[in-house]
Amino acid sequence: MSERLIREVTQAVNRDVGHLVRGADRAVSRLTSGLVRRDVSLGDANAVARELYGLLEDEPGVDWMFFGNEAGGLVSVGRLADSSVVFLMTDDFRAGVVREFEALEGGRVGRLRKSEGSFDSRRRGWYAKAKETGERYWTEPYLGVEPILGISHSAPVFDKDGKFVGVGGIDLILTQLSRYLETLEVGENGRAFLVDGTGHLIGASGGVSPVTIGADGGHLRLQASDAPDPIVGATADYLGRHPINAGSSGPSVFSFSDPERGRIFAAVDRVEPAALEWTIVSAVPASDFLKPVFRAAFLSMGVGALIIAAFVVLGLGVVGRTLRPLTGLTQAAHAIAKGEWQEVPEVRRNDEIGLLAEAFTLMTSRLKETLEGLRRSEANFAEAQRVAHVGYWERDLGTDCLTWSEETFRIFGMAPQAGMVVSLAEAVERIHPEDRAFWSQAAEKAVRGESRYELEYRIVRPTGELRFVHSQGDLTRDASESPRSMFGTIQDITERKRVEEALRDSEEQWRAVFENNPTMYFMVDAAGIIVSVNPFGAEQLGYTVDELTGRAVTDVFYEPDRDAVQRHAAACLQHLGEAMSWELRKIRKDGSMLWVRETARSMVIKKRPVILIVCEDITERKRAEEAARRSEEELREVIETVPAMVWTALPDGRVDFINRRWQEFTGLSLDGRPGAGWEPETRFHPDDLEQYLSKWRASLATGRPFEAEVRIRRSSDGEYRRWLESAVPLRDERGSILKWYGFLVDIEDRKRAEEALQQAQAELAHVTRVTTMGALTSSIAHEVNQPLAAVVTNANAALRWLASQPPNIEEARETLGRIVRDGHRAGEVIGRVRGLLKKTAIVTAQVDLNGLIEDSIALVHGEVRGHRVLLRTELAQDLPPVVGDRVQLQQVILNLVMNGIESMKKVADRPRELMIRSRPEAAGMVLVAVQDTGIGLGPEDPERVFEAFYTTKAEGLGMGLAICRSIIEAHGGRLWAEANEPFGAVFQFTLPSDLDESAPS
């Protein structure tokens, strides 16, 4: 029974320690493979820090993770006692001062917490041994800054080309292991403890601490043989003098005699892997369960001998009565040894037999408590598997059956089966078809002993759900060194994979932004050295990335701006995290200059302050600004020298700028407060003031452009001169007026010239009308002769009616009425001719174009009849009146009609038709068209016929149509010519209508 107890205790401790070791081994495997598999830039401390941070989050049983490189640099991430996470990093990722930083979410490096001493990873045992052997390495347990034990497990890291690049590993704090050992109860005085290869204590039950106080008051590791506990000390001392190796099939059991405790039963077992050199020891003094038995047995034998000697017959009965309780105790002991727990039979005696039964009952009670404690530890272990999503498995290589923990079944999405056993075929069925081949290869290599079993693969649950798992295991061998079984762990890493994929996508996106964004990015350290630059930034300056990296940033700036660069950088470093901007000039590699706007923010990266700079090329903007400045100067010079008055005003109309010409003409200035001369009454002609101010107020109210003709008094001599003033508003993007810009042009001379021109045009128009009348002389004479001949005829008739007897008064009266009518008719003809020939000033009034057309037809009636022309009209009944000079407009109509008649003189092969139309047009215009079937116009004639002195008639002056166009345009209209299909031409003009019936006519 004692042997079974210490074996079970030893094996239980070995299982828990083995779980710790395998977890550490798995974490190191993930670390070393993850750094290479995920293409982490091993020269970038921040990238390594992010990777270690993510791995640590997935390993709750690991306290620290680290990576050291060939430069002696270190990046480490770990959990402190208060559960906060920090980074330990050396400057520039090389040997030097190590600094502690806050670890922010996502693995970002936070603020500096403290600085420690110099550190060189290459001089550490975990680095040197792993590099030297190319294998994983376990350090000896060490005593940390606090009185707690820790151990490091490291492995070499090789890149994808097989080149050694550094060492990665983990630190385990052994506090939890020590606490677990302290909870074990091994009998009343028994102990279970763990020692390393140097004999130092790692942990022990019974509250034995592995740390002691030295002579100097400092903390020291405790040699197990020096432990204050007599069982631990005596057992460790015995093993130190008599080494005992653990058996291949389990713990080795032995016993020895101790002067104080007597016989002590113990078991030793070796922790795998052997490189750890850890030994598990369980020891129980025989007195805990055998001393009462031996004493009772000796007493019983003595009593029996005396009875046999004294009473042979009676002795037989006494011996039977005495040995009967012993038989019951022996049977109970055998049942317990077989694992068939049963109650110890009660023996109520006050002799040695009763004492033996009492001791046996106490011993079995303590043994039962110990076994129940072991079961609770196993239950806690199972719960830890569930929480960490880590399952346990064991494969029997002889039967290819797998024993799974409950968590393993949960990971595979299967219900636990009887005996927790599944076949290998069932397990393989759950592996993703694409991953079965390399899983099989990894398993076969592990069985052959070629490599350790560790890989990541996909499984498919019965529901079809896809999960990612990480599995690792070790091979066990029998006494003949033949493979017996494999055991290991499996962890569901699906969520981690998703996070890694998301992080990888995010990193790729940001890297793509950095590498391909058409914006210049720079990173500069506190010494002013370019640490990093994106390809676009280097290209913009004519360099490669390698040429700029490591170079002083001032080298790429225009020399006069370099002092400013240093001032800006110093200010930025003094205000960490605060964005600043400035504009300076840079020099390209070819010597050309460019303007840039830089926005910078300083922060701590790789444990040192750096400045992150976003650089924007603003050369074109600067050129535009310079051009605008020069243009503004030139414009101001033009404004000051232009022979016009220029002003600007605020949105409310208050003038805030006048040019030199304005000041010289008006004698006013904006200097000081405006005086009386600024009043409109003193500047503008009284007749123009009201109209001017009305228009200006309307423009201010509506925001519409302003234009007006106004007479302004000249300060030097008091003369009023006419000016054309225009003003337009400048608006913002919302349409609000920002400012008014005004411009005044002196039109006095132009107005006088226009008046002279109008006088000349009137004279010329009069000449043209006289010429036209000359052409109509015969027609006019005919029109006058007809009524005059009728007058003479009717007068003779009247005389005859009066001479008859008796006089026919009624007929005479009718004849005299006809004489009056014909006289008026002749007078109208003479009046029309006189109106055209009379030289009068231009009179603007409403004109009925239809009536004007009919009057004109009456004047040319003789020409129409004489040239056998068919004249027709299509005059709109609702034609609105126009405003203009009646004489000038009639001159235009007569000219167009006479030109049409003239163009048909030589036409003999078709009818001579002249059509006059009138109709209203869109936009308030009125159209008059004169259409003939004459010889028509050539390709260039529609415009040339309106040129002065251009004519198609041998006797023509070429001024008629030119004068007609100037008359129409002066009336705000348009005159043009077109070809008439199939023969002839169409001359037409438009004039603005006047619908105001109240206007004077």
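Glu-500 is found in helix H12 (residues 494-516); helices (H or I, at least four residues) and strands (E, at least two) are DSSP runs, numbered from the N terminus. This is a predicted model, in which local features need pLDDT of at least 70, side-chain atom pairs count only at pLDDT 80 or more, and totals for chains, interfaces and linings use all residues. Residues are numbered from 1 along each chain as its sequence is written, and side-chain values use heavy atoms, with hydrogens and water left out.

**Glu-500**
- Glu-500 has a relative accessible area of 12% and is therefore buried (buried means under 20% relative accessible area, exposed over 50%, partly exposed in between, with a 1.4 Å probe and protein chains only).
- Apart from neighbours within four places in sequence, Glu-500 is in contact with Arg-30 and Arg-38 (contact means heavy atoms within 4.5 Å).

**Helix H2**
- Helix H2 (residues 45-57) has 13 residues, which at 1.5 Å a residue should span 18 Å, and its end C-alpha atoms are 18 Å apart, in agreement (the expected span is 1.5 Å times one less than the number of residues).
- Ten of the 13 residues of H2 are buried, so the helix is mostly covered.
- Among the buried residues of H2 are Asn-46, Glu-51 and Tyr-53.
- Asp-44 caps the N-terminal end of H2, with a side-chain oxygen 3.0 Å from the backbone nitrogen of Asn-46.

- Strand S10 (residues 191-195) pairs with S11 in the antiparallel sense over three bridges, and Val-195 stands opposite Leu-201 in S11.

**Hairpin of S28 and S29**
- Strand S28 (residues 645-649) and strand S29 (residues 655-658) run antiparallel and are joined by three bridges.
- The bridge partner of Thr-648 in S29 is Phe-657.
- Five residues lie between the strands of this hairpin, where Gly-653 takes a positive phi near 100°.

**Salt bridges**
- The structure holds 69 salt bridges (a salt bridge is a side-chain nitrogen of Lys or Arg within 4 Å of a carboxyl oxygen of Asp or Glu).
- The side chains of Asp-656 and Lys-739 meet in a salt bridge (3.2 Å, N to O).
- This pair links distant parts of the chain, with Asp-656 in strand S29 and Lys-739 in strand S32 (residues 737-746), 83 residues apart.
- Asp-656 counts as partly exposed because its relative accessibility is 31%, and Lys-739 is partly exposed at 23%.
- Glu-719 and Arg-752 meet through their side chains in another salt bridge (3.7 Å, N to O).
- Glu-719 lies in the loop between strand S30 (706-713) and strand S31 (720-731) and Arg-752 in helix H20 (residues 748-775), so the pair ties together parts 33 residues apart in sequence.
- Salt bridges that share partners join Glu-719 and Arg-752 into one network with others, including Arg-714, Asp-717 and Asp-746.

Conventions
A polar contact is a pair of N or O atoms within 3.5 Å; within protein, one must be able to donate a hydrogen and the other to accept it, and residues adjacent in sequence count only if both atoms are side-chain atoms. Two strands pair if DSSP finds at least two bridges between them.
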